[in-house]
Amino acid sequence: MIKIGVVGGTGYTGVELLRLLARHPEANLVAITSRGDAGMPVCDMFPSLRGRVDLRFVTPQDAALDRCDVVFFATPNGIAMQQARELVDAGVRLIDLAADFRIRDVAEWEKWYGMKHASPELVAEAVYGLPERNRERIRSARILANPGCYPTAVQLGFLPLVESGVVDLSHLIADVKSGVSGAGRKAEVHTLFAEAADNFKAYAVAGHRHLPEIRQGLEAMAGQGVGLTFVPHLTPMIRGIHATLYARLSTDVNVQKLFEERYQDELFVDVLPTGSHPETRSVRASNLCRVAVHRPHGSDVVVVLSVIDNLVKGAAGQAVQCMNIMFELDESLGLDIVPVSP
Ligand SMILES: NC(=O)C1=CN([C@@H]2O[C@H](COP(=O)(O)OP(=O)(O)OC[C@H]3O[C@@H](n4cnc5c(N)ncnc54)[C@H](OP(=O)(O)O)[C@@H]3O)[C@@H](O)[C@H]2O)C=CC1
Ligand SMILES: CC(=O)N[C@@H](CCC(=O)OP(=O)(O)O)C(=O)O
C-alpha cells in the first residue's frame with residue numbers, strides 16, 4: 001500500500017483526491033491537512049466521504065509528511081515549492097496540483113505568478129504530468145507537476161495535429177469555457193451564485209497564466225515556436241471544461257484517422273465518431289477527455305472539441321493517474337469511473 005498525504009484537503013481538488021483515493025485499492029491515506037479545520041473529522045466537512053475516510057484534518061505542521069511515500073499538494077500556487085526540498089531529501093515523492101513546477105523557465109514563471117520561486121533548483125528535474133505525452137519520464141519522477149485544467153483540455157485537443165506537423169503553427173486558437181469550481185472553494189465575489197449563475201463572460205483575454213504553460217507544451221510537441229491565442233470563459237456550470245480549438249491545415253490529411261491512431265492506446269482519451277459534439281456532462285466525475293474533430297464545409301480549417309471534468313482529468317484524476325504510473329501500478333487503478341449523467 002502507498003502511504004499518502006494530502007495537503008489542502010478542504011478544497012475542491014483536495015476533496016476530489018479524497019473521493020478517488022478512498023476507492024483506490026493501493027492507497028493508504030495517512031494525513032489530510034487543513035490549517036483552519038484541524039481536528040475536525042473529514043467526513044463532518046464532506047458527508048459524501050462518510051464510511052470511506054475515517055481521518056481527521058491535521059495542520060500541515062502536524063502531518064508528519066516525511067513518513068509518506070507520496071504527498072499531493074492541492075494548495076494554492078507557491079506552497080509546494082516551499083516544502084519540496086525537505087520532502088525530496090526525505091525520499092518522499094511529491095505531486096503538485098498547483099503550478100509551482102510546471103514552467104521550465106523560472107523567470108517566466110516568476111513573471112506570470114508574481115512571486116519569487118522558493119526552490120528554482122528543483123524545477124529542471126520536475127516532470128510535467130501529461131501521461132499522453134510524458135509517460136516514460138513520469139515513471140521516475142520525484143517531483144510531478146500536474147498540468148492545469150485548461151492546459152489539459154487544450155493540449156490533448158491539439159496534440160495529434162501539432163505532433164504530426166500538419167497545421168499552421170503560427171495561428172492556433174483556443175476558445176475555452178470553464179465551470180465555476182475551476183476557481184476553487186475559497187470565497188470570491190465573482191463566484192457568488194448571483195454573479196456567476198445566469199451569466200457568461202470571457203476573462204484574462206490580455207493574458208492568462210495558463211498561456212505560457214500551454215505554449216510550452218505545444219512547442220515541445222512541435223519542436224519549434226507556436227503562435228497561440230487563448231481566451232478563457234466562465235460559464236454557469238459547476239464542473240467541466242469545453243475547449244473549442246481552431247487550426248489551419250497545411251497538409252491535406254484525414255484528421256479523424258490521425259486522432260484515432262494517435263489515441264488508440266490511451267485509456268483516458270476517447271475520440272468520438274466523425275461529426276460528434278462532446279458534452280461536458282459526458283465526462284462528469286470521470287478521468288476522461290472526449291474529443292471530436294471537424295472540418296466545417298470540408299475547408300482547411302480544423303475545429304477540435306475537447307471536454308474534460310476540470311476537477312478530475314483537469315486535476316485530481318490526472319494526479320492519481322500519474323501516481324499509478326510513478327508507482328508502477330495499472331494506470332487506470334481507482335479511475336474506472338462511469339461519468340455521472342445528468
Ligand atoms: N479547481 C480546479 O479546477 C483546479 C485547480 N487546480 C489547482 O489546484 C490547487 C488547488 O485548487 P482548489 O482545490 O481549486 O483550491 P481551493 O481554494 O478549493 O483549496 C485550496 C486548499 O489549499 C489549502 N491551503 C491554502 N493555503 C494554504 C497554505 N498556505 N498551506 C497549506 N494549505 C493551504 C486550503 O486549506 P485550509 O485553508 O483548510 O488549510 C484548501 O484546502 C490550486 O493551485 C489550483 O490552481 C488545478 C487544476 C484545476
Ligand atoms: C474558472 C477559473 O477561475 N479557473 C482558474 C484556472 C484553474 C486553476 O485552478 O488553475 P491551475 O489549473 O493553474 O491550477 C483561473 O482562471 O484562474
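Let's start with helix α8. It lies across strands β7 and β9, and runs at about 135 degrees to β9. Some terms first. Helices (H or I, at least four residues) and strands (E, at least two) are DSSP runs, numbered from the N terminus. "Across" rests on contacts: two residues are in contact if their C-beta atoms, placed from the backbone, lie within 7 Å. Axes are lines fitted to C-alpha atoms, for helices over the stretch in contact, and angles run from 0 to 180 degrees between N-to-C directions.

A word on the source. This is a predicted model: local features need pLDDT of at least 70, side-chain atom pairs count only at pLDDT 80 or more, and totals for chains, interfaces and linings use all residues. Residues are numbered from 1 along each chain as its sequence is written, while chains are lettered from A and ligands numbered from 1 in the order in which they are written.

Now the sheet under discussion. Seven strands make an open sheet, in the order β8-β9-β7-β10-β13-β12-β11, with mixed pairing. Strands β8 and β11 (269-271) stand at its edges with a single partner strand each, so one side of each has no neighbour in the sheet. Two strands pair if DSSP finds at least two bridges between them.

Take the pairs one by one. β8 and β9 are antiparallel, over two bridges. There, Ala 202 has His 233 in β9 as its bridge partner. Next, β7 and β9 (residues 228-234) are parallel, over seven bridges.

Look at Val 176. Which residue is its bridge partner in β9? That is Pro 232. In β10, Val 176 stands opposite Ala 243.

Is β7 (residues 172-178) enclosed or open? Five of its seven residues are buried, so the rest of the structure largely encloses β7. A residue is buried if 20 or more other C-beta atoms lie within 10 Å of its own, exposed if 12 or fewer, and partly exposed in between; C-beta atoms are placed from the backbone.

β5 pairs with β6 (residues 143-145) in the parallel sense, over two bridges. Tyr 128 has Ala 145 of β6 as its bridge partner.

Next, the ligands. A residue is near a molecule or strand if its C-beta atom, placed from the backbone, lies within 6 Å of it. How many residues surround ligand 1? There are 31, and the closest are Gly 8, Gly 11, Ala 98, Gly 184 and Arg 185. Helices α1 (12-22) and α10 each supply at least two residues of this shell. α1 gives the most, with three residues. By class, the shell of ligand 1 has eleven nonpolar, 16 polar and four charged residues. In this scheme Ala, Val, Leu, Ile, Met, Phe, Trp, Tyr, Cys and Pro count as nonpolar, Asp, Glu, Lys and Arg as charged, and the others, Gly among them, as polar.

Around ligand 2 we find residues including Cys 149, Ser 178, His 210 and Pro 232. Its shell has six nonpolar, four polar and no charged residues.

Most residues other than glycine have a negative phi, and most peptide bonds are trans. Ala 204 is not a glycine, yet has a positive phi of about 50 degrees. Ala 204 sits in the loop between β8 (201-202) and α8 (210-222). It is partly exposed, with 13 other C-beta atoms within 10 Å. His 297 has a positive phi too, near 55 degrees. The loop between β12 (289-294) and β13 (301-308) holds His 297. His 297 is exposed, with 6 other C-beta atoms within 10 Å. Finally, the peptide bond from Ser 341 to Pro 342 is cis, with omega near 0 degrees. Pro 342 is in the segment after α10.

Last, the whole chain. It has ten helices and 13 strands. Of its 342 residues, 46% count as buried.
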